[in-house]
Amino acid sequence: MKDIEWSKLTFSYTETDVMIRSSYRNGAWGDLVATPDKTINIHAAAAGLQYAQQCFEGLKVYRRVDGTIGIFRPDMNARRMQSSAEAMYMPPVPVDMFLQAMEMAVKYNIDYLPPYGTGATLYIRPIMFGTSPRVGVSSADEFEFCVIVTPIGPYFPVGFGTTPFVINRHVDRAAPFGTGQYKVGGNYASSLRATEPAHEQGLGVLFLDSAEHKYLDECGGANIFLVKNGVYCTPKSDSILPSIINRSLMTLCGDMGIKVEERRIAVTELGDFQEAASCGTGAAISPISTITDPDNGVVYNYGIEPGPVCVKLFTTLRDIQFGRTEDIHGWCHLIDC
Ligand code: PLP
Ligand code: COI
């Protein structure tokens with residue numbers, strides 16, 4: 001195992017040994033290969049660069065209490081990457097090939113999988129993009145699928161402490177009517193002028209629906225849920241990423257007898273909730289302390305301690321991921337290394 005200060009890791013890139021890649025040529029994906037070279041030599045006119053014909057995914061690998069190694073619900077990421085690829089007119093990577101690539105990426109970089117108990121995990125970032133040179137707006141016919149991994153710590157610097165958020169009405173993360181439901185880099189890049197200034201002030205960003213700016217959509221890199229009188233409420237929207245963690249939390253709520261409401265949530269309702277949190281692979285569950293609405297001069301307060309529903313869900317999710325409780329839904333994909 002590498003000599004890394006695991007518990008000091010943040011959500012940033014640390015170099016690892018190997019990248020996995022496959023090329024799509026003549027209508028078919030080639031073999032997955034492991035290579036120490038993480039750079040890619042592509043034409044400056046590649047469709048992935050010119051027209052953002054690309055998509056990506058994010059997953060975490062856990063070293064578990066009994067020494068086994070598990071990836072959390074990689075089949076879900078495989079399918080979401082297929083729908084992102086189809087949305088960008090790219091050939092989907094078959095689910096089996098995707099899973100094989102995840103396993104190879106972990107095996108070849110096993111020395112970077114953080115030890116149990118450090119709070120750190122190994123993050124897998126699959127990405128695919130068009131490589132054929134294009135000047136007219138048209139699809140590539142050659143593509144590259146690459147999988148990089150990096151050991152990481154918490155997404156928000158305060159970890160499971162509470163993070164202040166700010167509402168943004170001026171930059172849309174997603175166009176109305178659905179484009180945000182795919183994990184494509186262009187959406188994220190166009191939100192940077194909202195997220196970067198906020199992050200400099202230690203704030204997370206909450207985006208609203210881009211048609212009317214009246215309803216909650218999601219955070220910059222995570223969904224949001226709120227709790228009202230013990231009920232788990234999360235926005236229903238065509239323009240948010242269907243979060244695997246949010247879906248899993250809704251299932252856990254069902255197991256625990258917590259009522260779930262997936263519906264439009266108006267900004268004007270924000271004062272009615274007792275808890276709020278962002279949720280996703282990177283964020284895990286990151287409780288929100290305040291949501292500031294700068295355009296209306298209002299601050300909604302959820303407290304600086306995580307609330308009881310957040311704690312219960314966080315503990316259960318973590319216990320499943322780290323193998324401390326029975327995985328009754330079969331979410332952990334165990335791998336031999
Ligand atoms: N929403 C956005 C915009 C994201 O980038 C992410 C992170 O992947 C999520 C939601 C959470 O999705 P998941 O729970 O599948 O990681
Ligand atoms: C993730 O949670 O996996 C993400 O991809 C969030 C963000 C870094 C894009």
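How many Å separate the centres of domain 1 and domain 2, taken over C-alpha atoms? Here are some notes that start from there.

1. The centres of domain 1 and domain 2 are 25 Å apart, taken over C-alpha atoms. Domain 1 covers 6–152 and domain 2 covers 163–321, with bounds that come from an automatic or database domain assignment. To their contact (heavy atoms within 4.5 Å), domain 1 gives 20 residues and domain 2 gives 19 residues.

2. A word on the basis: this is a predicted model, in which local features need pLDDT of at least 70, side-chain atom pairs count only at pLDDT 80 or more, and totals for chains, interfaces and linings use all residues. Residues are numbered from 1 along each chain as its sequence is written, chains are lettered from A and ligands numbered from 1 in the order in which they are written, and side-chain values use heavy atoms, with hydrogens and water left out.

3. Let's take ligand 2. Around it are Phe11, Gly58, Tyr123, Arg125, Tyr155, Lys183, Tyr188, Gly221, Thr281 and Gly282, where a residue is near if one of its heavy atoms lies within 4 Å. Because both domain 1 (6–152) and domain 2 (163–321) give residues to this shell, ligand 2 lies between them.

4. By class, the ligand 2 shell holds four nonpolar, four polar and two charged residues. In this scheme Ala, Val, Leu, Ile, Met, Phe, Trp, Tyr, Cys and Pro count as nonpolar, Asp, Glu, Lys and Arg as charged, and the others, Gly among them, as polar.

5. An N or O atom in the side chain of tyrosine 123 is 2.7 Å from a ligand oxygen atom, and a polar side-chain atom of arginine 125 is 3.4 Å from one. Glycine 282 uses a backbone N or O atom, 2.7 Å from an oxygen atom of ligand 2. On its own, ligand 2 has 280 Å² of accessible area, and the protein covers 89% of it (Shrake-Rupley method, 1.4 Å probe).

6. Ligand 1 is surrounded by 15 residues, and the closest are Lys183, Tyr188, Glu218, Ser243 and Thr281. The shell divides into five nonpolar, six polar and four charged residues.

7. For ligand 1, side-chain N or O atoms come to 2.7 Å from a ligand oxygen atom at arginine 80 and 2.6 Å at lysine 183. Serine 243 also has a polar side-chain atom 2.6 Å from an oxygen atom of ligand 1. Taken alone, ligand 1 exposes 390 Å², of which the protein buries 97%.

How values were computed. Polar contact = N/O pair within 3.5 Å; in protein donor to acceptor, adjacent residues only side chain to side chain.
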